[in-house]
Amino acid sequence: MDELLASWLGSDTIYENIMRIIETQKQESTTNKDGGNASASAVEDGRPPLSPKMVKKIPKKVEIPSFFAKPKDAEGNPQIPPPQPPKRRWSSSFTEDQTWNGVYMALTNEGRENESPKSLEQDSVATDPTAVSQKKKVCIAIQAKEIFTELGTAPPIRVADSQQQQLGGALRRYYLQNTKDEYHTSEEDLIYIPLERFERVTKELCNFPTFFHKPLYERILMLWSTHYHLNVTGGGGDGVQLPPVVTYGIFHYYWKKEMAPYDKNERFFRLLKRPDVEYITRDDFFPYIKELLNDHPGLEFLSNHAEFQDKYAVTVITRIFYSVNLCHSGRITSRQIRKSNLLSVFQQVDEEEDINKVTKYFSYEHFYVLYCRFWELDHDRDYKITREDLLKYGEHSLSHMIVDRIFDAAPRPFEGSDPATVDENGNVVAKVSRNYLSYEDFIFFMLSEEDKANEFSVRYWFTCIDVDGDDKLNNMEMRAFYAVQLHRMQCMGHEVVPFEDMLCQMMDMIKPANTEYLVVEDFLQPHCSQVSGALFDALFNVNKYVMFEQRDPFLERQKREDEFETDWDRFACIDYNRLAMEEEAREEEAMEVDWVTMDEEEEDADEYNSLGLSGSSEAPF
């Protein structure tokens with residue numbers, strides 16, 4: 001190795017190359033020395049050091065900008081770095097600052113942060129002519145102050161009303177005179193709004209539906225009571241009964257804790273759920289639906305029917321869980337709220353006077369259809385649907401095999417959420433009886449049966465058909481269900497379609513990833529939204545399958561172009577009109593019977609009087 005190295009260094013060519021490298025290094029060291037002096041002077045001047053490549057090109061008297069030169073590519077063009085990926089922003093996020101005094105922190109001069117919001121507003125209007133047009137964008141503190149001043153009541157000092165006198169004294173004693181209470185530092189913080197005038201705060205400041213005002217009012221007082229006893233009194237005021245009113249200071253506390261850090265969906269979720277859990281149960285919705293029944297003009301006719309008010313509330317809540325809680329756990333999470341349209345539908349029903357135009361969850365006509373269908377099947381009026389009852393659904397359209405699977409395997413809306421069937425750790429310890437369908441279970445069944453194009457419906461029927469529970473529908477399972485259909489079609493005199501022909505037709509429409517079996521994802525493909533239910537109808541609903549085989553292309557085109565968004569909306573509209581006409585026919589028949597009975601009674605009375613057996617000639621009514 002040493003001999004090879006010695007021969008290599010002794011070569012004339014290698015020697016010349018080494019000398020050339022040494023001379024190049026000497027020239028570069030001289031250049032760097034000059035550049036180092038320039039860089040040192042730049043640092044002493046307070047500017048960042050210059051790029052070495054730019055030293056010779058910049059005259060000494062030119063001031064160097066305080067930033068580094070952009071890097072260049074091989075051709076000398078400046079390289080533009082790619083833009084940073086945008087930060088994830090929720091669709092329900094606010095475009096304006098939602099902190100209590102956040103807007104004015106950027107508008108005021110240094111040292112004025114401690115001034116009152118009112119003085120800051122006056123200065124901003126005086127210096128900025130556009131401030132008046134931007135009044136809606138002022139900070140939350142000013143918006144709340146205006147509403148509390150307009151609608152609120154200041155606690156009186158001396159009044160003849162003893163009740164008002166006690167309330168004013170309690171507010172000052174518990175809040176203003178307590179130095180640990182940071183939210184009540186002046187008389188203005190004691191201005192309170194009673195419950196009956198809290199709608200504007202609910203709608204304008206909190207962006208909740210108007211009928212949320214009572215549950216919101218109660219939630220604010222509950223959270224404030226907990227905060228007061230833990231942080232203000234140090235845990236020693238558990239027996240203190242605080243005044244049952246929301247003051248400006250209490251609303252300030254609630255905004256900082258429950259509103260400012262969160263977006264619209266998270267605020268909605270935190271309001272509905274209990275403070276000690278991270279999910280919403282069906283019981284959490286009842287106070288809000290109750291207020292909707294009391295407040296909405298489209299439901300005023302139900303005010304004298306308490307039983308149907310309860311059934312309407314149960315129907316709305318069950319439909320919410322059907323569409324939002326796709327895992328049918330009986331518990332709605334924050335993530336499920338974000339993925340749903342629940343908040344926007346609540347806002348829509350608050351602004352729409354016709355309740356039937358809100359087809360999502362709240363339509364009274366939809367409730368009427370669901371409840372009447374349940375009532376028609378429940379002959380013994382025990383609010384339970386048995387297997388024999390369900391076989392009569394849709395003019396005996398369902399096979400006995402699918403009815404058995406509905407009772408044995410179909411998802412139940414609130415199975416496992418009942419406290420009687422769950423232990424303290426949330427584990428299911430006792431199954432709900434599957435010998436019957438409750439009204440909530442029937443709602444899940446009927447929504448899935450009449451609209452097989454949505455995701456939950458697909459999973460509902462897939463679970464029923466998947467007998468072995470391997471999350472795959474194979475030919476053996478489908479053939480077993482279709483054998484019952486073949487027998488029924490033969491008995492009804494319809495043309496019999498062999499299983500192989502039916503399956504080939506369905507495979508061509510669905511186009512599964514694997515032709516040996518079907519999985520849920522095959523039905524949820526975009527092109528399967530309108531044909532996903534055809535296979536299910538072929539396996540267990542003989543009436544709908546025959547209609548599918550004999551469908552009219554012109555009518556199918558009209559169906560795709562009509563005003564209804566879903567198959568359920570279309571079915572509910574048609575069935576409601578049918579039920580309404582049947583109700584009108586029953587009323588007309590009852591009126592005819594009444595008139596006939598009345599005529600017969602009059603004839604009997606005339607005959608009785610003609611015989612002189614009556615001492616009175618007055619009409620029987």
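Questions and answers on these topics follow.

Reply: This is a predicted model, in which local features need pLDDT of at least 70, side-chain atom pairs count only at pLDDT 80 or more, and totals for chains, interfaces and linings use all residues. Residues are numbered from 1 along each chain as its sequence is written, and side-chain values use heavy atoms, with hydrogens and water left out.

Me: How many disulfides does the structure hold?
Reply: A disulfide is a covalent bond between the sulfur atoms of two cysteines. The criterion used here is a pair of cysteine sulfur atoms within 2.5 Å. By that criterion, the number of disulfides in the structure is zero.

Me: Is Cys464 buried or exposed?
Reply: Buried means under 20% relative accessible area, exposed means over 50%, and partly exposed is in between (1.4 Å probe, protein chains only). Cys464 has a relative accessibility of 0%, so Cys464 is buried.

Me: What is the relative accessible area of Cys327?
Reply: Cys327 falls in the partly exposed class. Its relative accessible area is 43%.

Me: Which residues gather in a patch of negative charge on the surface?
Reply: Patches are made of residues with over 30% relative accessible area and no salt bridge; like charges are joined within 9 Å, and nonpolar side chains (Val, Leu, Ile, Met, Phe, Trp, Tyr) within 5 Å. Lys and Arg count as positive and Asp and Glu as negative, while His and the chain ends are not counted; a charge is placed at NZ of Lys, CZ of Arg, CG of Asp or CD of Glu. The negative patch consists of Glu584, Glu587, Glu588, Glu589 and Glu592.

Me: Where is Glu592?
Reply: Glu592 has 54% relative accessibility and therefore counts as exposed. Helices (H or I, at least four residues) and strands (E, at least two) are DSSP runs, numbered from the N terminus. Glu592 is placed in helix 27 (residues 567-610).

Me: How many salt bridges does the structure hold?
Reply: Side chains of opposite charge can pair when their charged atoms come close. A salt bridge is taken as a side-chain nitrogen of Lys or Arg within 4 Å of a carboxyl oxygen of Asp or Glu. The number of salt bridges is 27.

Me: How many residues apart in sequence are the parts that Glu258 and Arg270 tie together?
Reply: The side chains of Glu258 and Arg270 form a salt bridge at 2.8 Å, N to O. Because Glu258 is in helix 9 (residues 248-259) and Arg270 in helix 10 (residues 264-272), the pair ties together parts whose separation in sequence is 12 residues.

Me: Are Asp441 and Arg412 buried or exposed?
Reply: A salt bridge joins the side chains of Asp441 and Arg412 (3.0 Å, N to O). The pair links distant parts of the chain, 29 residues apart, with Asp441 in helix 19 (residues 439-450) and Arg412 in the loop between helix 18 and helix 19. Both Asp441 and Arg412 are buried.

Definitions and conventions:
Accessible areas come from the Shrake-Rupley method with a 1.4 Å probe; for residues, only the protein chains shown count as cover.
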